[in-house]
Amino acid sequence: MLKHRLIPNVILNNGNVVQSINFKHTNVIGNAITAIDFFNSWAVDEILLLDVSRHTGYRQKFHKILEGLSKRCFVPLTVGGWIKNVDEIQDFLKQGADKVCINTEAVRNPDFIKESSRIFGSQCITISIDVKINESNQYEVFIDRGKEKTGLDPIQWAKQIENLGGGEILLTSIDRDGTLKGYDLNLIKMVAMNVKIPVIAFGGVGEWKHLVDGIKIGMADAVSAANIFHFTEHSTNNAKEYMVKAGLNVRKPTFYKIPMPRKPKYNEIY
Amino acid sequence: MISVIDYGMGNVRSISNAFELLGEMVSITNDKKVITDSEAIVLPGVGAFEDGINNLQKMNLIELLKELVFDKKKPYLGICLGLEFLAERSYENGIHNGFGWLKGEVVKIKPENQSLKVPHMGWDDTRVIIETDLMRGLEKPIFYYLHSFYFKVAEVDKKCITSLCNYGGVEITSSIKKDNIYAVQFHPEKSQTTGIQLIKNFLEDVRK
């Protein structure tokens with residue numbers, strides 16, 4: 001039976017792993033090599049790597065970092081942040097991404113979803129939807145890392161994404177991001193029930209129970225979190241154990257021993 | 001040296017990373033001479049069938065692969081699209097011809113259970129049919145799958161199926177072996193230690 005997935009989200013700002021709170025990135029947590037190494041041996045099912053830097057001069061470096069990280073990553077790696085064209089998707093795949101995650105450009109140019117899924121296959125194209133409750137107390141899709149309103153309703157947009165060939169939806173509540181209050185289960189359930197493609201819940205996990213709620217109540221196919229996984233030993237493995245105990249169909253937690261290649265020096269990939 | 005065929009759409013780096021982890025020399029290439037001189041061929045695939053086949057055709061690689069696999073008996077490992085290409089044809093976005101090395105067609109996954117989602121994405125239990133070959137030493141393996149179509153192998157070639165995955169009543173062909181042709185629908189390069197073991201098995205077979 002297909003397993004529910006646990007996906008840590010590694011958010012990179014100018015190459016540093018950062019904490020995200022309502023889409024503001026303040027605390028630097030550390031470097032990505034360490035994060036990827038730990039997650040790889042702590043029972044995760046996939047890793048999400050998002051570049052949130054606004055500094056365009058840094059982009060080339062992000063590509064280089066990806067190349068260094070992918071050598072040490074033996075679970076699927078989804079890469080996202082500011083993707084605007086097919087050429088860059090190809091570059092990412094060449095550097096070690098297995099899937100890509102698209103947000104802003106998908107709203108600005110929905111045909112991009114069609115084009116990229118036709119070329120790379122739907123299964124390679126994850127579309128990220130960032131949602132905030134607007135002033136009229138309605139869910140609304142935001143782009144440009146939460147800065148720009150779109151007027152789109154998340155359910156309608158999710159359906160359109162499915163029709164255009166998107167293979168999966170990463171659904172984030174901006175309001176919950178970094179709050180430790182748990183997922184916006186209402187939002188997640190509404191979207192998950194209305195599309196036939198997998199939905200990953202993200203934003204707000206403060207305890208392992210929230211992950212279980214995301215699947216049991218929110219009906220998400222996969223659950224993701226960022227901040228919470230960075231601060232405790234064996235974090236994702238413990239989260240997995242909790243999910244197993246809660247009766248979820250997941251891959252059993254084990255400490256995976258992979259004889260990793262030599263750890264690169266920080267400045268070799270940064 | 002192992003050649004990983006670069007035809008513009010695979011997750012080529014992930015594959016070569018996995019082989020390199022096992023100490024192999026890997027060349028990501030579409031150069032005919034390099035491919036011809038290599039010990040084994042890996043054809044990865046993340047992408048749509050049509051573009052994949054067209055790209056291979058444009059690079060004149062299909063004939064070469066056929067010659068190397070059938071005349072020179074070079075080991076071939078197809079991953080994901082690399083398995084689907086073995087079919088006679090695919091119904092992904094129209095009808096497109098595959099290599100036709102095995103009988104059967106690539107069709108959309110339509111789970112009987114309507115609540116199951118497509119793409120079939122994530123880790124799934126894989127039922128081993130033939131324990132030798134790639135599945136050696138793998139008990140109840142769980143692999144990472146990522147696809148919307150699958151190879152429905154025709155009756156005459158069903159004996160080549162070495163493992164299956166049941167997704168909502170659909171029996172997905174997970175792996176195939178026919179002489180020196182090996183292929184898997186899932187992604188061993190992304191299936192952690194289980195996947196690495198499978199790649200090790202492939203290399204051992206190649207060198208037997």
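Predicted model: local features only at pLDDT ≥ 70, side-chain atom pairs only at ≥ 80, totals over all residues.
**Figure 1. Helix α5 of chain A and the glycine that follows it.** Within α5(A), the buried residues are Phe112(A), Ile113(A), Ser116(A), Ser117(A) and Phe120(A). These buried residues fall within an arc of 120° when seen down the axis of α5(A), so they line one face of the helix. They pack against α3, α4 (104–108), β7 (125–133) and α6 (154–164) of chain A.

**Figure 2. Helix α9 of chain A, residues 235–245.** Thr236(A), Asn237(A), Ala239(A), Lys240(A) and Met243(A) are the buried residues of this helix. They are on the same side of α9(A), because the arc they cover around the axis is only 160°. The elements that cover them include β1 (5–13), α1 (32–41) and α8 (208–216) of chain A. Gly247(A) follows α9(A) and has a positive phi, near 85°.

**Figure 3. The hairpin of β2 and β3 in chain A.** Strand β2 (residues 16–21) and strand β3 (residues 24–31) of chain A run antiparallel and are joined by five bridges. One position to look at is Ser20(A), which stands opposite His25(A) in β3(A). Two residues lie between the strands of the hairpin, and Asn22(A) takes a positive phi near 45°.

**Figure 4. Leu180 of chain A, a residue with positive phi that is not a glycine.** Phi of Leu180(A) is about 65°. This residue sits in the loop between β10 (168–173) and α7 (185–194) of chain A. Leu180(A) has 14 other C-beta atoms within 10 Å and is therefore partly exposed.

**Figure 5. Lys140 of chain B, in the loop between β9 and β10.** The strands on either side of this loop of chain B are β9 (127–128) and β10 (142–147). Lys140(B) has a positive phi, near 40°, and is a residue other than glycine. With 9 other C-beta atoms within 10 Å, Lys140(B) is exposed.

**Figure 6. A cis peptide bond in chain B, from Val118 to Pro119.** Omega of this bond is near 10°. Pro119(B) belongs to the loop between β7 (104–108) and β8 (120–125) of chain B.

**Figure 7. An open sheet of four strands in chain B.** The strand order is β6-β5-β7-β11, and the pairing is mixed. The edges of the sheet are β6 (96–97) and β11 (149–153) of chain B, each of which pairs on one side only. Two bridges link β5 (residues 89–90) of chain B to β6(B), in the antiparallel sense. At one of these positions, Ser90(B) has His96(B) in β6(B) as its bridge partner.

**Figure 8. Leu86 of chain B in the largest nonpolar core.** The core has 147 residues, and Ile47(A), Ile169(A) and Leu86(B) touch the most other members. Beyond its neighbours within four places in sequence, Leu86(B) is in contact with Gly78(B), Gly98(B), Phe99(B), Trp101(B), Leu102(B), Phe151(B), Ile176(B), Ile181(B) and Ala183(B).

**Figure 9. The side of chain A that touches chain B.** Contacts between the two chains involve 33 residues of chain A and 33 residues of chain B. On chain A, the elements that give two or more residues to this side are α3 (86–95) and α5 (111–120). The most comes from α3(A), with four residues. By class, this side of chain A holds 14 nonpolar, eight polar and 11 charged residues.

**Figure 10. Chain A as the setting for the views of its parts.** The secondary structure of chain A consists of 10 helices and 12 strands. Its radius of gyration is 17 Å, close to the 18 Å that the globule rule gives for 270 residues, so chain A is as compact as a globular protein of that length. Along the principal axes, the C-alpha atoms of chain A fill a box of roughly 50 × 45 × 35 Å. Of the 270 residues in chain A, 55% are buried. Among contacts in chain A with a separation of 6 or more, 67% are between residues 24 or more positions apart.

Note on methods: Residues numbered from 1 in each chain as written. Chains lettered and ligands numbered in written order. Core = buried A, V, L, I, M, F, W, Y, C linked by C-beta atoms within 7 Å. Buried ≥ 20, exposed ≤ 12 C-beta atoms within 10 Å, placed from the backbone. Contact = placed C-beta atoms within 7 Å. Arc of directions from axis to C-beta. Nonpolar A, V, L, I, M, F, W, Y, C, P; charged D, E, K, R; others polar. Rg over C-alpha atoms; globule rule 2.2 N^0.38 Å. Pairing = 2+ DSSP bridges.
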